[in-house]
Each structure stands twice: as structure tokens, then as C-alpha cells.
Amino acid sequence: MRRHEHWTEDVKAQAKEEGWWRAGGTVVAAVSGGPDSMALLRLLKEMAESEPMRVVVAHANHQFRGAESDAEAELVRKVAEQWGMAFETASLGMPDYIEETGQNAQSASREKRYAFLDEVADKHGSPYLLTAHHADDQAETVLMRVLRGTGIGGLAGIPYRRREDRLELIRPLLRITKCELLEYCKRNGVPYAVDSSNADRHYFRNLVRLDVLPALERYNPRLKDSLVRLADLAAADDDYMEEQAVRVFREAVTPSGDGFRLERRRFRGLHVALQRRLIKLILNCSANPRQMLDFRLVEEISEALSQERPATVRVDIGDGWVLRREYEETYIGPEQPETMRFAYRADELATEIAIPEAGGRIRLERLEGAVQGRPGNRDEACFDAEELRYPLLVRSRLAGDTMRPYGLNGTKKVQDMFVDAKVPRSRRDKLPLLADGDGRILWIPGLRRSGHALVREHTRTTLRATYEAEN
């Protein structure tokens, strides 16, 4: 065991480094009345004496244990008053609340408790909330997650520091053992209450602490230390991988309405660990991310993106979301309604045709003489203006559309051209077609132009059409 002076100095040094312990600052401490939180409160008193800061004591009375719960609230109130600290409390009435709502007792209690603590922090203008989670809690949490099934993020256990809305949650004692905290309370005469529910094996955490850990410690007496070390290592690896996933997300994922688009080719080039994390980042934007982040669902999405056949895939992934893969383009998000049809006319004086449905515009320029388009630029097409029949029409495709592509004999169905070019089905109704007054399709931006109204040596006026996508 480390000597008392060592671990308290370690906590103080980290508090300085993290920036939450500073002269004139305010912190809120969540204090239940047990030995862990009372040790934290005593340490904060010691810290405030050497560098004045304001400590607000917040006690949530869940009212699960009647008189015992009330006695704990009174203990915390008296100690806070004795040590000159502001005190805030709330009776949460959890038994009645759980009966009315039918919620899980632990999750409902956590929700109500943190709502109260957030109110206290807001009232006192504190950006920091301190809780007394310690090393034994960390070891239990990691082992519980292993038993239930988890990934690297789960192995990271309880974070030392986490932001929740405007509030920073900090756990200063996360590397200090329960034994050290009990010894600290004994050495300094710190009063505390013993929660009788800690012996109730109805709760999974109590089972792990009372039965599972002691059984495993027969094979490794330092198992708790090993689990805490595993959490530290996993947390560092998890932070790095998450940074990389966010970078790829910003580079490769494009918002599309309330969903997202992703190029399959880019996805397949990622390591499988990044693939999974990228999928999770996307699903985390859904209304119910907890429901969506199931391992089997993530694997199903990954497989749909990785497999070569079929070229088009649609998967219902729950909560109204779908995965739709069409060739190399993938959409993940809420099911989208059918695209609205569009048609815009342009007379001989028009210089621009906006196409909001396609997310772009076509610019029209009249140039003297014969001007040829830039080779290889399919977002530009030049026509002999005198061979065009006005008004021109920019529209979405229609069933049965055909075109006489430049360089080919005869006509070809636009639908077949889309298939040959592997244009995703979801984009086909959004692509604009430029037609003339006779209904002849002249050009499909980004794809092909027709052989009509070619610019030749004798052309006196050239109409240059350029498609520009909105940023």
C-alpha cells in the first residue's frame, strides 16, 4: 500500500495539471455519505485550505432505504456545515418514480441523480462535478463488461474525465484503492455511513465484488491492479483510434439530408478496426444510438459495404434507418422519399439555370466563332447555337428516354447509360438532362453528350454549357 502522503499528493498534482483545482474556483462534489465520497470531501477540504476554492456539497437522497437514507443525508449535511461548505440536497423519491414509469431502477436513479447534480452546478456556476469513483470501482467495471461482452472502448472502463453538456465530470480518486480510502478516513477521523444495499447480491456489481473478484484473485492476487492497468492501456488505445476514426469521418463521409454518404472504395481501404469505428460514428447520429450500436448490426453493415456482389444492396438497420449501397456509393440514414421531378426552361437569353433538386446549376455562355470544349471535361459541353431549337429544357429523366451519344451509331436508352456508368439508383432521378425544344436530349452533365449540334469549323456562335455543383 502506498503511504497516505503519496497518493494525496498525486491527486493534488493531477488536479493542478488538469486545471480544476485553482484559487478562486468552484467545484461541486457528489457526496453519498459512504467512505469513498467522504474521503473525497475531506481531501477537498485539505486542498481548499492550502489554495482557497469553493466546494459545494451535493447529496442526492434516492429514498430507497427509508430512515437509513435520511440518516446519510443528515450526516453529509452536518459535515458540510462543520467544514464550512455550501450544501445542496434533493429527495428524489425513486421508489415511487420507478413504479410510475416502469424504468430500470439503476438507469432511472442515474438519470435523476445527474439531473440534480447538473442543477446544482448551474446554480453555483461550477463547470466541474467531482465524483468519488475509485480503483476498485474501475476494476469491477472492467470485469463486468468483460463478462457481458465488450470492445476496446468498454475495456477503457470509467474515464477520469468526461464532458456532459456544459459540465465536466471528474473522478480524482480513480487510481486510489478502497483500502487506501478507508485508511485515510480512519487516519483523519472522517465519519461515514455504510450502505446496507452494498451486500445485496441482487445487483450485478455486488455479485462481481463479493463473489467473482475474490474467486479470481485466488489465481491472481493482484487482479484489481491488472484490471485498472488494462483500463489505462485500453483508454489510450481507444482515444487514438477514435481520433483516427473522426479524421476519416471528416474526410470520407458526406452529409446527405439527415443521413450520410460514403464511398465504398474508400471504406474498403481502411483497416477493419477503423471500418467498425466509422460505422459507429455514423450510427451515433441516429435518434437511438444505444439501440443502433449493436456489434452484430455493425458487422452486418461492414459486410454489406465490403462484399463485391450484389452491386446494389438495401438493409433495414432499425429506427427508420437504412443502408443503401449502389455500386461504389453508399447511403446510411433515414429512408428518403422519392425524388421530386423537375423541369426548367431557358430561352436564348438565359445565362444560368439553377437546379436545386440536383444541388447545382448550368451556366450558359454565347461565344463568337467555333469554340471546342476542354478535352476530358464532362461537366462542360459546347454546341453550335444555330442548330439548337429553343427553348432549352433542363429536366429529370423520364421513362423511355433515349439519346444519340456522340461517337456511337444509333440511339441508346438513358437508363442503360446510367447502368453502364454505375450511377447509383438513388442519384438517377436527380441528374439533370439538357434537352432542346424538340425534346432531343443534348447532354447529361458528367456523363455524355449527344452528336447533335457539334461545333465545327464553320460554326459562327458557340453555346457553352457548364455544370457547377454547389459546395
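This is a predicted model: local features need pLDDT of at least 70, side-chain atom pairs count only at pLDDT 80 or more; totals for chains, interfaces and linings use all residues.

Tutor: Residues are numbered from 1 along each chain as its sequence is written, and side-chain values use heavy atoms, with hydrogens and water left out.

Student: In what order do the strands of the open sheet of 5 strands run?

Tutor: Strands are DSSP runs of E with at least two residues, helices are runs of H or I with at least four, and both are numbered from the N terminus. Two strands pair if DSSP finds at least two bridges between them. Here the pairing is antiparallel, and the order is β12-β16-β19-β20-β21.

Student: Which are the edge strands?

Tutor: An edge strand of this sheet pairs on one side only. The two are β12 (343-346) and β21 (448-449).

Student: Which residue is the bridge partner of Leu434 in β20?

Tutor: β19 (residues 433-435) and β20 (residues 441-444) are antiparallel, with 2 bridges. One of the facing pairs is Ala435 with Ile441. For Leu434, the partner is Trp443.

Student: In the hairpin of β20 and β21, which residue takes a positive phi?

Tutor: These two strands pair in the antiparallel sense over 2 bridges, and Trp443 stands opposite Arg449 there. Between the strands lie 3 residues, and the one with a positive phi near 80° is Gly446.

Student: Which element gives the most to the lining of the second largest pocket?

Tutor: A pocket is found on a 1 Å grid over the protein atoms alone, as an open set of points where a 1.4 Å probe fits, with protein on both sides within 12 Å along at least five of seven lines; lining residues have an atom within 4 Å of a point. This pocket is lined by 34 residues, with Arg261 and Glu329 among those nearest its centre. Elements giving two or more residues include α10 (223-252) and β8 (259-263). The most, 4 residues, come from β7.

Student: Are α10 and α12 roughly parallel or roughly perpendicular to each other?

Tutor: Axes are lines fitted to C-alpha atoms, for helices over the stretch in contact, and angles run from 0 to 180 degrees between N-to-C directions. The axes of α10 and α12 (residues 272-283) come within 9 Å and cross at roughly 70°. Angles under 35 degrees count as roughly parallel, over 145 as roughly antiparallel, 65 to 115 as roughly perpendicular and the rest as oblique. The two helices are therefore roughly perpendicular.
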